[in-house]
Amino acid sequence: MNNYLWIILVVIILLILAANVRVVPQAHAMVIERLGGYRATWGVGIHFKVPILDRVAKRVLLKEQVVDFPPQPVITKDNVTMQIDTVVFFQITDPKLYAYGVENPIMAIENLTATTLRNIIGDLELDETLTSRETINTKMRASLDIATDPWGIKVNRVELKNIIPPAAIQEAMEKQMKAERERRETILVAEGEKKSAILIAEGKKQSIILDAEASKQAAILKAEAEKEKMIKEAEGQAEAILKVQQANADGIRFLKEAGADSSVLALKSFEAMTKVADGKSTKIIIPSDMQNMASLVTAAAEIAKESK
């Protein structure tokens, strides 16, 4: 009987010890109290608590957490009421402060976010609110981080999820956006027509320039062709005159070699002079040392008979 009692006692002791063994997983922490007062903060690993005296007051998650708060009504500087909902990213850095700093920390962060948002939006007009999200996010994060530091919470980021203005404001904004798009379309069409007109004018200008250049080149080529023609004609006339003179010189030399007298030479000179006139001159000047016309005619007749 005593053996059974000892076995039962040992089993009870083992169960009590097992019930007081705690394993803290990664990214978690436990706040331990002894007789109602703070005792320690357990990190990752295996821990033993004293039965009856110690208890786990709070289990804390050390990962970054995200809280999406519902839309809050806010009023801008120009008295426009809108709905804004926010998303807060936070992380618990001190489990002890988180456990004892504030009751219901999430609700505290939500209320603090709403009041901070109202203060910031109250200094901005509607247009600034819609275009200054980054500025609002930065100001809210800084304010919330300072306020939640005594609670062992670090606010990493705050984002404005939605900004919902009144229906009348939304309608006016849509009309404004439509008018702006139409204005931009008109400007783009006008710019396109302007560029098209400029390109057409440039094309005409280039065509005129090319035509002028072509005409200039054609005139130059024509002038060069005329010049070449005149040069060739002059060269041909010079060559013809040279050949005629050469033939005359050869004839005179032949007459001299044949023993022609002065009358024949005079007649040949007269023929040369008539050829020089070529039917175009109305006057022929006869040198003074030539014999009279009768003697020339007689000599010519005699030469003609001899040739027969």
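Helices (H or I, at least four residues) and strands (E, at least two) are taken here as DSSP runs, numbered from the N terminus. The structure is a predicted model, in which local features need pLDDT of at least 70, side-chain atom pairs count only at pLDDT 80 or more, and totals for chains, interfaces and linings use all residues. Residues are numbered from 1 along each chain as its sequence is written, and side-chain values use heavy atoms, with hydrogens and water left out.

Let us turn to the charged pairs. A search of the whole structure gives eight salt bridges, each being a side-chain nitrogen of Lys or Arg within 4 Å of a carboxyl oxygen of Asp or Glu. One of them joins arginine 55 to glutamate 33, with 2.9 Å between the closest N and O atoms. This pair connects distant parts of the chain, 22 residues apart: glutamate 33 sits in strand β2 (residues 28-34) and arginine 55 in strand β5 (residues 54-61). Glutamate 33 is buried at 8% relative accessible area, whereas arginine 55 is partly exposed at 46%; buried means under 20%, exposed over 50%, and partly exposed in between (1.4 Å probe, protein chains only).

Helix α6 (residues 167-258) holds both arginine 183 and glutamate 180, three residues apart, or about one turn of the helix. Their side chains form a salt bridge with an N to O distance of 2.5 Å. Arginine 183 is partly exposed, at 42% relative accessible area, and glutamate 180 is also partly exposed, at 27%. Glutamate 180 meets arginine 184 in a salt bridge as well, at 3.3 Å from N to O. Salt bridges with shared partners also join Arg141, Asp145 and Lys154 into one network.
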